[in-house]
Amino acid sequence: MNRSRTVHKSDAGEYSHGTVPPRLESRNECLDTARRLQKHTGAPIAIFSAILFLSGIGALIFETLWLRLSGLAFGNSVWAAALILSSFMAGLALGNAIAASSRIRRWRPLRFYALLEVFVASLGCTIVFGLPLLGELLRPVWQMLWNYQPMLLGLRFVVSFLILLVPTTAMGLTLPVLIEDPMLRRTNFGRAIGFLYGSNTLGAVFGAVLGEGYLIAALGLRGTSLAAGLAVCIAAISALLVARIGGDTSEPIPKPTFPLRLHVSYRLPWRLLFASFGTGCVLLCLEVIWFRFLRLYVVSSPAAFAVMLAIVLAGIGLGGLLAGAVQGRSRRPTRDTEASHSEATTGRSGSLSVLLLLAAIATLLSYLFFPGEIVKTPAGAFSLASWYHIALLSIALMFPVSFLSGILFPSVAASVQATVEDRMNSTGVTTLFNTTGAAIGPLLASFVLLPGIGYQWSLVLCAVVYALLSILVSERSSWSIRRPIGLIIIALCAAVILLLAIFPYDRAESHFAHASRPYEIDEHGNVLAHVVKRIEGTSDTYQLLRRDLFGEPYYYRLLTDAFSMSATNPRNQRYMRLFAYLPLALRPEAKDVLLICYGCGVTADALLNGPNVKRVDVVDISKEVFRLADFYSGINYSNPLRDPRVHAIVQDGRFFLQASPRQYDIITGEPPPPKVAGSVNLYTQEFFSLMKSRLKEGGIATFWLPINQVKVDEAKAILRAFHNAFPNTLVWASADQQWIMMGIKGPGRRVNEEELRRLWSEPAAAGQELRRVGVEVPQQLAALFLMDGDEIDRITRDAAPLTDNYPKRLTDAVWDEQANLEFTSTYMDASSALYRFGWSPIINRIWPETANESLKSFFAVREMRYVSERIGSNQLAELDLYLRHSHLRIPILEVLGSDGLRLSIAERVAKKSQPPPLETMQDLVAGALAQRDINGAIRLLENKKDRGPFSLDDTYLLIYLYCLNGEVDKAETLAATNAAAIKKNSFVDWLWGKLQSEFGFHPPQ
């Protein structure tokens, strides 16, 4: 270096008063020399880039596995996840800090790099294999500290930090160490860091897609860790081979010599390092904000997250490669050292300012021109066939800024290296600040920005921070209008200010409306519901929709991002309340109850009706769900959380089962559907075993299995997992595909009929709710039976259970509705269901024989209702069966398109207005028929006919009711009057034939 400077000085003296051509000749020689060096140094960069590509594959896979398994061991609540991520980033930062403050001695950097990768591979696999065991070992510690939550949270952070410390520190050292190798010393630093950083990040892209798309499904988590370890070991072996082939000039290594020694002899370029910190913080902030925003268009699923992450990483990686290519071409030898240094500094600062301003503009424009219209509805969002939609949306929103960020990091690192000089130190200190910012960014976005100002203002703030960073890194000379770079910077600043001035700050409403529109407006444009409350929380966006009926609240729907997570409509209330009433019927002495996932509070409300319930613990991962409880209203509604027996706990349900020392009589769970990201952890065999461990002897667990949202093989995997945990398993369902798995700890006890019937009378609210949702008598509870453990053994003989190690047995593929219908129809068949009920050993052990009267008819009602809802039926024939051969009310309401809640609202409205409003007539007629008040139903229909439009369906019903009431002449007159409108078809032929044979009716000619 000094020799080169001497030559330049002599040249300057010789030609200081000479002519121009020698100066040009010298410059051309320097350029030729630079090109030759670049040609000869291209091969080492390519080789090292390939090594880091392999390293990136393994590192990303390890990272996802560690975070997933740490969540299972230490909890998946927002705070727990933040602590685990902080532990991971802290380890990386420690590795960066070591690289920033040390020098390698006596070791060839390439060999030291190989050693680091071996550490990563061995410890990475050890962590994957050992974390589940560690979680089991620490369970008594968690339970002992349960009443000391701050200490428990701190201990989880310390343990996760210590576990991840060594491998993440090694990861943080790899890039700085590798760039110090002698093979790269002749390369331009900016070129080298750009290509190495970009290649490593592109390897992470491949790892994200490969791991989520294939490896976990094929090999399980443990097998995937071995595959990741193999990729990292290949990188290490390749490094050793390169060191051997390229010649190793390092001195022999004395045994006690440690490869690193502390050495800091440089001044920190604080402005550049603050820019590195800021860009890392803003990008990770944006990543959290982007993912939150995209979930308004894409249902949260593991595949969707993998695609979104891959797009961000691809942008960063390609940006890094471009930075390397540009840096390699931009460095030219020059003779005027002092002037060139000033010029280079101005050029570097100006380039950084331009990049940061472009990032600010791209942040705003990518949001403003987001092509959300390509996603019309959330239908099919779980299908992998729609991955290209997810990729397109992700590219439009995230790729531009990610690409610019990928250019920024190598550019900042090259500028830092100009001051620090030592390559490893400069890379280490740049990555240290960048990693520290990246660690703070997600926490800032999740806990401050999104809950505080919402996603749109957070995006705007990030753009402003990019603009401010551009001012920070710029030199005064960069703003000179005499320089082209100055004009560019001023123009870009003006563009940022203009965008902020004209920014449509109400744009967020249209994106929220996209998520809620399918539930607010039907296909004909009719308004169904409206948003009553919206919360942008720490982990999700919540919208509470209310549907009104006749001007009064009918039911509510809770949207989490773009997904309908829960609703209080009568159809949903039936199975939600049965999660409580089924175990309460079979264990009426239950005192302590646990509910995992609050939803809309329907199950919690039902649990409070247990005759002996003293305590109900409600666990939900989201505090926002509890906050929304006060925004519900309606007939007989009261907020369950205000009951003194209820204890609301914001915690991950799985970790609660691990850490809470309390035992329960009943545990019930109604988590998000299995295919929603993260929910699979609540459907595995290990989770069900945790449920069982928290039950008292004889305790009962119930859990949701939405058959209509999984494939048949996936449903079997979940059933197998549940039955493996609970040998005494029963499965129940109403006339739908919302199955209820029930597990009993121990043999269970026989319930006598008196205890069973008491649920319909004490307290009175329980009986009213049961009758309103369609379980009107105890026998109907028995008629919910589908199968027991013996049947599960039969149908899952060749099915592997869903486990923590094989979560991809629950895929992201869309379910087959026809296959699901065929599968469930088998268990809705009345005769076979009754046979399985009668021969079930568990049923014979716990169900009172005296309560088996007329069970066949109740099973038949369920089958008929299921067929009618799924396939369709002759509704008048179904109505005739219920009216004349049953005493049940709800089936009649359902056949006529009503329900218990609709009827209650219609009756309230009708009392305030005489005659009743026409829109209430359908429900009032259904109510009269449910009471077997044929005369009342006829009067209502006649009133409706006299006051307005009277459909053919109304006409058929009135004709039938006339005949049923012995007024055949009125039926014939009505039929004759409407003969022109009545068209001959199979239904009309059936109706005329039935009325003629049973009542002597004469059809019109």
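Student: Why does Gln709 count as buried?

Tutor: In this predicted model, the relative accessibility of Gln709 is 15%. Buried means under 20%, so Gln709 counts as buried.

Student: Where is Gln709 found, and with which residues is Gln709 in contact, leaving aside its neighbours within four places in sequence?

Tutor: Gln709 belongs to the loop between strand E11 (695-706) and helix H19 (712-725). With those neighbours set aside, its contacts are Phe563, Pro673, Lys675, Trp704 and Trp815.

Student: What makes Ala860 partly exposed?

Tutor: Its relative accessibility is 31%. Ala860 lies in helix H27 (residues 855-870), and its C-alpha atom is separated by 9.6 Å from that of Ala833, 27 residues apart along the chain.

Student: How do helix H7 and helix H10 pack, and why is H7 called roughly antiparallel to H10?

Tutor: Helix H7 (residues 270-294) and helix H10 (residues 387-420) pack at an angle of about 165 degrees, and their axes are 10 Å apart. Angles over 145 count as roughly antiparallel, which makes H7 roughly antiparallel to H10. Their crossing is left-handed.

Student: Which residues make this contact, and how do they divide into nonpolar, polar and charged?

Tutor: Among them are Leu272, Leu283, Trp290 and Phe291 of H7, together with Leu397, Met398, Val401 and Ser405 of H10. The residues of the contact divide into 15 nonpolar, six polar and no charged.

Student: Which strands stand at the edges of the open sheet of eight strands, and what makes them edge strands?

Tutor: The order of the sheet is E9-E8-E7-E10-E11-E13-E12-E14, with mixed pairing. Strand E9 (646-650) and strand E14 (785-788) each have a single partner strand, so one side of each is left without a neighbour in the sheet. From one strand to the next, the twist averages 20 degrees.

Student: How do you know that strand E7 and strand E10 pair, and in which sense?

Tutor: Pairing requires at least two bridges; E7 (residues 592-596) and E10 (residues 664-669) have four bridges, in the parallel sense. At one of these positions, Leu595 has Thr668 in E10 as its bridge partner.

Terms used. Residues are numbered from 1 along each chain as its sequence is written. This is a predicted model: local features need pLDDT of at least 70, side-chain atom pairs count only at pLDDT 80 or more; totals for chains, interfaces and linings use all residues. Side-chain values use heavy atoms; hydrogens and water are left out. Helices (H or I, at least four residues) and strands (E, at least two) are DSSP runs, numbered from the N terminus. Buried means under 20% relative accessible area, exposed over 50%, partly exposed in between (1.4 Å probe, protein chains only). Contact means heavy atoms within 4.5 Å. Axes are lines fitted to C-alpha atoms, for helices over the stretch in contact, and angles run from 0 to 180 degrees between N-to-C directions. Angles under 35 degrees count as roughly parallel, over 145 as roughly antiparallel, 65 to 115 as roughly perpendicular and the rest as oblique. A crossing is left-handed if the near helix is turned anticlockwise from the far one by less than a right angle, and right-handed if clockwise. Ala, Val, Leu, Ile, Met, Phe, Trp, Tyr, Cys and Pro count as nonpolar, Asp, Glu, Lys and Arg as charged, and the others, Gly among them, as polar.
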